[in-house]
Structure formats: C-alpha cells, structure tokens
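Morning, everyone. Let me put one structure on the screen and walk you through it.

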Amino acid sequence: MAITDPWVECFFVGALQMRCSVVTDRSTGDTVIIDGGSEPGRLIDWIDRFGGRGPDWSNGPSNLSEAEQQHIPERTVIALVNTHAHFDHSGHIPDLLEHYRVKWYLHEDDTYLQTLAQSSARRWGFDAPEPAVADEGLVPLTTMSFGALDFEVLHTPGHTLGGCCLNLLVDNGANHLFVGDTLFAGSVGRTDLPETGGDFEVLAASIHTQLWPLEGDTIVYPGHGPLTTIGHERRTNPFVGEGAGAGGTFGRGKYA
Ligand SMILES: [Zn+2]
Ligand SMILES: [Zn+2]
C-alpha cells in the first residue's frame with residue numbers, strides 16, 4: 001500500500017553536510033529517519049516538538065500550528081534505516097536509538113564497515129559514540145513496510161558493499177528515492193575509500209541495473225548535495241548517464 005503525499009524533511013548534518021531525511025505519513029504520523037548520522041539532538045528536538053533549527057528543506061509544516069491545521073497527528077518514529085555505514089551516515093545512530101528505542105536497519109554487507117564508524121570518525125577528527133549494531137538487515141528486491149511507509153529496497157553496491165537505495169512508494173505522484181552516496185546530481189559516490197569495498201565498475205553496474213529502470217520522474221535524494229531525478233541523471237550524468245562512455249568517463253566521484 002503506497003501512501004499519498006509524503007512529508008519529507010532534509011537536514012544537512014555534521015561537518016560533511018550529510019543529508020538526513022525524515023519521512024512522515026501525513027495521515028498516521030508514522031515516521032522513518034534515513035541516515036541519522038549526526039546532530040541527533042537537532043533531529044530529536046525538531047521531530048518531537050518542532051524545536052530548534054529544523055530542517056534545511058521540507059515539503060511540510062514548519063511549526064506545530066501548521067501541522068495541526070493540516071490534521072497531521074503527532075509523529076511516531078517507527079524505524080531508523082540506513083543507506084550505508086559510512087560514519088557520516090551512521091556515527092550517531094546510537095544516540096537516536098537510545099531516544100526512540102526502535103529497530104535500526106542496515107544491509108548485512110555493511111556490518112564490518114559499521115564496526116569502524118567510531119574509528120573512522122576519529123581519523124577525520126570527529127567524535128562519535130561506540131558504533132551501533134543493526135537490529136535487522138535490509139532485504140534487497142523486497143518492499144519493506146515501516147508503519148504506513150513502504151520502501152522498495154534496491155541493493156546498489158559499489159560505493160560500499162552493502163549500499164542500498166530506498167524507494168518510497170507514492171500512489172499519487174513521483175516516488176522518492178533515497179540513494180545515500182550511490183548517485184549524486186551530476187556525480188557518483190567515491191569508490192576509493194579504504195576498507196569499504198568500493199569499485200567503480202560495480203557501482204556503475206548497480207546504477208545501470210537497479211536505478212535506471214525506475215520511472216524518470218522519481219525524485220532522488222542523494223547523501224550530499226542537491227536533489228535530482230532519475231530521468232535527469234540517466235540523460236546527463238557524466239559518470240554513468242547515457243553520454244558516459246563504457247565504464248564511465250571518470251573513475252571516481254566527488255563525495256564521501
Ligand atoms: Zn559514503
Ligand atoms: Zn556520505
């Protein structure tokens with residue numbers, strides 16, 4: 001059962017300005033946090049009471065009275081879900097888990113990478129708690145339901161071994177695809193990061209087989225940088241789009 005008119009908020013968090021997306025069903029208040037990797041206090045303040053700075057981008061209410069006018073119930077966080085386990089995406093999951101006490105979902109092939117979240121953060125000069133351990137695996141080629149929210153899970157290795165894209169199914173408009181660092185507007189994820197299993201050929205194959213068949217109007221939420229669509233990237237992406245040579249014009253992308 002796809003939902004109608006999802007409420008999506010994006011927060012650029014941490015020093016790497018990673019996109020955390022908070023997705024809510026307006027009729028039930030069911031909420032999923034995708035890639036809650038940093039600034040947990042900011043996320044919690046906003047989700048629970050519209051407190052603090054709030055999101056950097058939103059298609060929904062910007063305060064409690066607007067939410068009430070739109071008859072959106074109080075939000076219930078149902079699950080935490082991650083596209084992959086780089087520390088900017090997963091480092092502060094323990095803080096969110098402690099507050100919300102829900103399950104955290106990550107593809108099992110990123111289990112080893114996840115154990116490095118704290119040490120990688122420290123290598124970049126940031127602090128992070130003892131790494132979280134996922135409660136459940138993301139199951140590729142299935143639709144996973146979190147409350148009223150249904151996500152099609154696409155396994156897209158190449159940036160990391162367990163990287164996944166999550167396609168929020170919407171029945172009155174474009175689907176919303178949360179891609180982590182697999183695909184960016186005009187770029188792709190890096191494949192040269194240590195201990196991650198990065199491989200450009202694998203990444204390009206993932207995008208060609210898993211993402212390009214999606215509908216062109218699918219809205220793409222990358223882990224860094226601006227929004228885009230599947231159709232636009234399929235036509236114009238210089239690494240993996242129709243204009244790129246076999247294997248892409250370049251060997252690596254821009255972001256971590
Ligand atoms: Zn990454
Ligand atoms: Zn990233």
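Where is the place of E39? In the loop between β3 and α1. This is a predicted model, by the way. Back to E39: its phi is positive, about 50°, although it is not a glycine. Buried or exposed, or in between? E39 counts as partly exposed, because it has 19 C-beta neighbours inside 10 Å, and buried would take 20 or more.

D35 is found in the loop between β3 and α1 too. D35 also has a positive phi, about 60°, and is not a glycine. But D35 is buried, because 28 other C-beta atoms lie within 10 Å.

Next, helix α4, residues 93–100. Its buried residues are I93, L96 and Y100. Seen down the axis of α4, they fall within an arc of 65°, so they line one face of the helix.

Now the whole chain. There are eight helices and 14 strands. The C-alpha trace spans about 50 × 40 × 30 Å along its principal axes. The radius of gyration is 17 Å; a compact globule of 256 residues would have one near 18 Å, so the chain agrees with that. Of the 256 residues, 46% count as buried. And the contacts? Take those with a separation of 6 or more: 64% come from residues 24 or more positions apart.

That's the tour. Over to you.

Terms used
Residues numbered from 1 in each chain as written. Chains lettered and ligands numbered in written order. Predicted model: local features only at pLDDT ≥ 70, side-chain atom pairs only at ≥ 80, totals over all residues. Helix = DSSP H or I, 4+ residues; strand = E, 2+ residues; numbered from the N terminus. Rg over C-alpha atoms; globule rule 2.2 N^0.38 Å. Buried ≥ 20, exposed ≤ 12 C-beta atoms within 10 Å, placed from the backbone. Contact = placed C-beta atoms within 7 Å. Arc of directions from axis to C-beta.
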